[in-house]
There are 2 protein chains.
Amino acid sequence: MEFQLDHAKEILRRTPATLNSLLRYLPEDWSLSNEGPESWSPFDIMGHLIHGEEADWIPRARIILEYGERRAFEPFDRFAMFEKSRGNSLGDLLDRFEWLRGESLQELERMSITPEMLEKRGMHPELGAVTLSQLLSTWVVHDLGHVGQIVRVMAKQYSEAVGAWRAYLPVLSR
Amino acid sequence: MEFQLDHAKEILRRTPATLNSLLRYLPEDWSLSNEGPESWSPFDIMGHLIHGEEADWIPRARIILEYGERRAFEPFDRFAMFEKSRGNSLGDLLDRFEWLRGESLQELERMSITPEMLEKRGMHPELGAVTLSQLLSTWVVHDLGHVGQIVRVMAKQYSEAVGAWRAYLPVLSR
């Protein structure tokens, strides 16, 4: 499927409600458990999504539109949330993400992105030249991927509880 | 994590809202596309979830409570929805699933399940002896797994659009 800005916004604007529905007021047994050492809980993933709004998507789109390939993006810290989320409740993180996503989408509107602008190139510090369209596609896939990770992590809490049905549940071995 | 009926209901009651948030009024480019031959679109998955409410979870719980291991479950048709969903819109399927899930949860309440009842055994036609607690755990994991499948299928529509970022997006190679 080709990238279309309107299609992408359809997904991006839904993510806060999806996360609310999955996680708001959920018992901590579900929201604080992870998949084992070095893996993330739904709480950790919420912090990561917040950091993306603050430091990744819109800031990088701005760099592409202002500097093109002349200025590489700041490297993105995939572990920033372990410090930043400290002291917050899951509800705090859901609220903050919802607010930030609203701001991001407003900023995206203000950019008045044309098909020509979508082809503008920027410089990723590791991947090299990338386009604005690729950045915005990645934002969409990143949202969907982390929603998928949240439900997988939750599902795995019942890996033993399902007994013999485990054989029919591929999500438990991903 | 041990199975707890209250914990399980927390997930089961949220799934209709999660699916609404992900899919209601979504452009068909997102909802009717699958992962390739023999794979399911979000529309197909909705039909499968509906068939589960009608033919799997509560009906099997009833068989366990009424007959124990003396009567095996009816085999579940994983492809029934291709015929049954025909002529419905995605909105129809979301409405139907929401209604059926509400009915299922009411029925679950009416069963007044005690810890002893959770250990009751039934007979799966392929897996052999299983318990009510394992059936209800599987219901939860099945919900979460199919939410994960829906977002993965959607994410894959942008497999090419993300360009070099693909290397950082594990959801695209699952």
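The expected span of a helix is 1.5 Å times one less than its number of residues. In this predicted model, helix α7 of chain B covers residues 90-110, and its 21 residues should therefore span 30 Å. The end C-alpha atoms of α7(B) are 30 Å apart, which agrees with that expectation.

**Helix α7 of chain B**

- The buried residues of α7(B) are B:Leu90, B:Leu93, B:Leu94, B:Phe97, B:Leu100, B:Arg101, B:Ser104, B:Leu105, B:Glu107 and B:Leu108.
- Viewed down the helix axis, the buried residues of α7(B) fall within an arc of 155 degrees, so they line one face of the helix.
- An α-helix has 3.6 residues a turn, so residues three or four places apart point the same way.
- On the face of α7(B) turned away from the buried side are the exposed residues B:Trp99 and B:Arg110.
- Within chain B, the buried residues of α7(B) pack against α1 (5-12), α2 (15-23), α3 (28-31), α4 (42-55), α5 (57-67) and α9 (132-156).
- After α7(B) comes B:Ser112, which has a positive phi, near 45 degrees.

**Contact between α2(A) and α2(B)**

- The axes of α2(A), residues 15-23, and α2(B) come within 8 Å and cross at roughly 170 degrees.
- Because angles over 145 degrees count as roughly antiparallel, α2(A) is roughly antiparallel to α2(B).
- From α2(A), the residues A:Ala17, A:Thr18, A:Ser21 and A:Leu22 meet B:Ala17, B:Thr18, B:Ser21 and B:Leu22 of α2(B).
- By class, this contact has four nonpolar, four polar and no charged residues.

Note on methods: Residues are numbered from 1 along each chain as its sequence is written. Chains are lettered from A and ligands numbered from 1 in the order in which they are written. This is a predicted model: local features need pLDDT of at least 70, side-chain atom pairs count only at pLDDT 80 or more; totals for chains, interfaces and linings use all residues. Side-chain values use heavy atoms; hydrogens and water are left out. Helices (H or I, at least four residues) and strands (E, at least two) are DSSP runs, numbered from the N terminus. Buried means under 20% relative accessible area, exposed over 50%, partly exposed in between (1.4 Å probe, protein chains only). The arc is that of the directions from the helix axis to the C-beta atoms. Contact means heavy atoms within 4.5 Å. Axes are lines fitted to C-alpha atoms, for helices over the stretch in contact, and angles run from 0 to 180 degrees between N-to-C directions. Angles under 35 degrees count as roughly parallel, over 145 as roughly antiparallel, 65 to 115 as roughly perpendicular and the rest as oblique. Ala, Val, Leu, Ile, Met, Phe, Trp, Tyr, Cys and Pro count as nonpolar, Asp, Glu, Lys and Arg as charged, and the others, Gly among them, as polar.
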